[in-house]
Amino acid sequence: MVDNNNTKILAKDVDVFYSEKQALNKISMDIKEKEVTALIGPSGCGKSTFLRCINRMNDLIEICKVSGSIKVDNEEIISSSTDVVSLRSKIGMVFQKPNPFPKSIFDNVAYGPSIHGLADTKSDLENIVITSLKKAGLYNEVKDRLNEPGTSLSGGQQQRLCIARAIAVNPEIILMDEPCSALDPIATAIIEELIDELRLNYTIIIVTHSMQQAARVSQKTCFFHLGELIETGDTNKIFTNPDNTKTQDYITGRFG
Amino acid sequence: MNNTVTQERIIALRKKRSAQDLRFKYYGFIAMCLALAVLVFLLYSIFSRGFTAFQKTTILLEINYDQEVLKLTPDSTEKEIEKGKFFKVKKNALNNVFENLSKSDAKFIKKLFSTNIDNEIKNYFLNNPSVLNTKQKLWVTAHSNVDQMLKGNASRDVPEDRRKLNDIQLSFIDQLVQENRIQKEFNNFFFTRADSRHPEIAGIAGSFMGSLLTLFVVFILSFPIAIGASVYLEEFAPKNKLTELIEVNISNLAAVPSIVFGLLGLGVLLNVFGFPRSTPLVGGTVLALMTLPTIIIACRASLKAVPPSIKEGALAIGATKSQAVFHHVVPLALPGTLTGTIIGLAQALGETAPLIMIGMVAFIPNIPTGITEPSASLPVQIFLWVESAERGFQEKSAAAIMIILLFLFMMNALAVYLRNRFEKKW
């Protein structure tokens, strides 16, 4: 159990509305640095919505209105003056379904660094790509075919390619929106191991439907239900001795 | 007991359902066969009428390039040759087509030849100046009436006063055929000349070039505007009443009869802005306006077809909105946009009505070389030829339809090729 008190993300009274419908109701939580925080809860409870608030991906949805406050490193991000481009370069995201660009494996990873101007020379860029692929545990599998399309990889490899793509722009936080739900158990196990390694360097927030996965990979767990944050705490505690009966019911499979 | 009754009912129903299925399959098959039969009939009627236009009739003529008659010397410059008395040489040659011609019959001879043969005689001399003072046998173009008679398009069994050629001329033709002095050869005029009043020397080169230049203008105007408009509407525009209104009206514009765009061209482009009349510039502008909605709709459909996850992926690593759109969405939509544009161009190629309104229906005997020169276009050329009374133009119009169909076919093949070549799977 990692014990630190460095708050990375501090959310206070976050409300989200889709048109008239309220999706999140006064969510407040703090997320510690270099830990894995799992967001669990039944479908439609708002956990993905909360995740997408953190890197402002909800902006893409016209009808979505976010209010309240989220501070990343003590900087307010729910405001019109926030530079979403630099925010998103600091907060990487991995999606539910692997979404590599229809380009080569190399270009997939190199795209982020090159638009942000992280590499001065071609060899710099190559270094970034190779390091990122290594960190994502994919390099040994693809080193001989970096020029093949990213879409030619298997689902699990594609997802790791997306992780490498996110890592390549040096984020501090990685958001994962059910990253294993489209993968088979073996690919899932590989990704879970990878998450365990990545937590040494990154703050990770993962949305998952699988309670076992939350128990395996996370240090903190937040349980959402009907747009409210019911309980948050150490994963061990939540899974063994939750305070709230709803949490108890959910993790023991009585509803959800 | 009850159970078996239910079983029987289920079986009967299943039979009925599969019969229905089969019946529907046959309906579809019959419909397809009907469509195919109509298409085959259409193509057959066009080809059977049109293919003869690719041949022309020529008559062997013995020309005496006499220095005295031509009023030329071996040292004459090209300019002097242009002024040579070739019509006299021609006259002599015509008088000697047959031996012992009576004067009254001789005047019918002239009508067997195209009015263009002066030029043919002169051009031969321009290309071979050494033939001065020699006798040359030249195959020169026959008159359309002769051509049509020999191709079997005109009947010789009708009374003389309802024929273009009288009995004497027919006997001349028979004699020429017998002596092998008349033949059919490849009709190069059809592909190298512009329109003419004389069917035997009318060609589609002028209208083809006109159509090509018009399409060029359409492409230059509509492609960038359509891409810009559809990218803006699809990716950047806020969803409000104004953009909704624009979207609805783009769909409405796509359904506006093309002649209305012609009126717009006449009223605004010609009368207000003073564009040159009958030119590919104004024709292309009108057709671009007409095809823009079609292309925009196709472009937007292909932009919509790009999975949003690609754009989200780009945005999530910190791409700006325009980077996400232009690095990822637009390249993926490009095959669809190109296909849509080509389909739009194909529509523009076949359009006649708006061009008539802006004066591209004029008789233009020259091949245009620029977008500001008066020119014809293929569909209007077909329209003009179908209208003419001369029998020689009938096969020409069918042949021009064949050319325009080939043109369309090639454009569609290009669209399919581009789509397959650049389409990316994900």
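The structure is a predicted model.

Chain B splits into two domains. Domain 1 spans residues 54-186, and domain 2 spans residues 205-422. Their C-alpha centres are 46 Å apart. Six residues of domain 1 of chain B and five residues of domain 2 of chain B make up the contact. On the side of domain 1 of chain B that touches domain 2 of chain B, two residues are nonpolar, three are polar and one is charged.

An open sheet of three strands occurs in chain B, in the order 2-1-3. The pairing is antiparallel. Strand 2 (135-141) and strand 3 (182-186) of chain B form the edges, each pairing on one side only. From one strand to the next, the twist averages 40°. Strand 1 of chain B covers residues 55-64 and is joined to strand 3 of chain B by five bridges, in the antiparallel sense. One residue pair can be named here: B:K56 has B:E185, in strand 3 of chain B, as its bridge partner. Helix 6 of chain B (residues 117-127) packs on this sheet. Helix 6 touches strand 1 and strand 2 of chain B. The direction of helix 6 makes about 140° with that of strand 2 of chain B.

The contact between the chains involves 17 residues of chain B and 21 residues of chain A. Helix 14 and helix 15 of chain B each provide at least two residues of the chain B side. Helix 14 of chain B gives the largest share, six residues. By residue class, the side of chain B that touches chain A holds seven nonpolar, six polar and four charged residues.

Helix 14 of chain B runs over residues 308-316. Buried residues in this helix are B:K311, B:G313, B:A314, B:L315 and B:A316. Which elements do the buried residues of helix 14 of chain B pack against? The partners come from both chains. In chain A they are helix 2 (84-90) and strand 6 (91-94). In chain B the partner is helix 15 (321-349). After helix 14 of chain B comes B:G318, with a positive phi near 95°.

Key. Residues numbered from 1 in each chain as written. Chains lettered and ligands numbered in written order. Predicted model: local features only at pLDDT ≥ 70, side-chain atom pairs only at ≥ 80, totals over all residues. Buried ≥ 20, exposed ≤ 12 C-beta atoms within 10 Å, placed from the backbone. Helix = DSSP H or I, 4+ residues; strand = E, 2+ residues; numbered from the N terminus. Contact = placed C-beta atoms within 7 Å. Pairing = 2+ DSSP bridges. Axes fitted to C-alpha atoms, helices over the stretch in contact; angles between N-to-C directions. Domains from an automatic or database assignment. Nonpolar A, V, L, I, M, F, W, Y, C, P; charged D, E, K, R; others polar.
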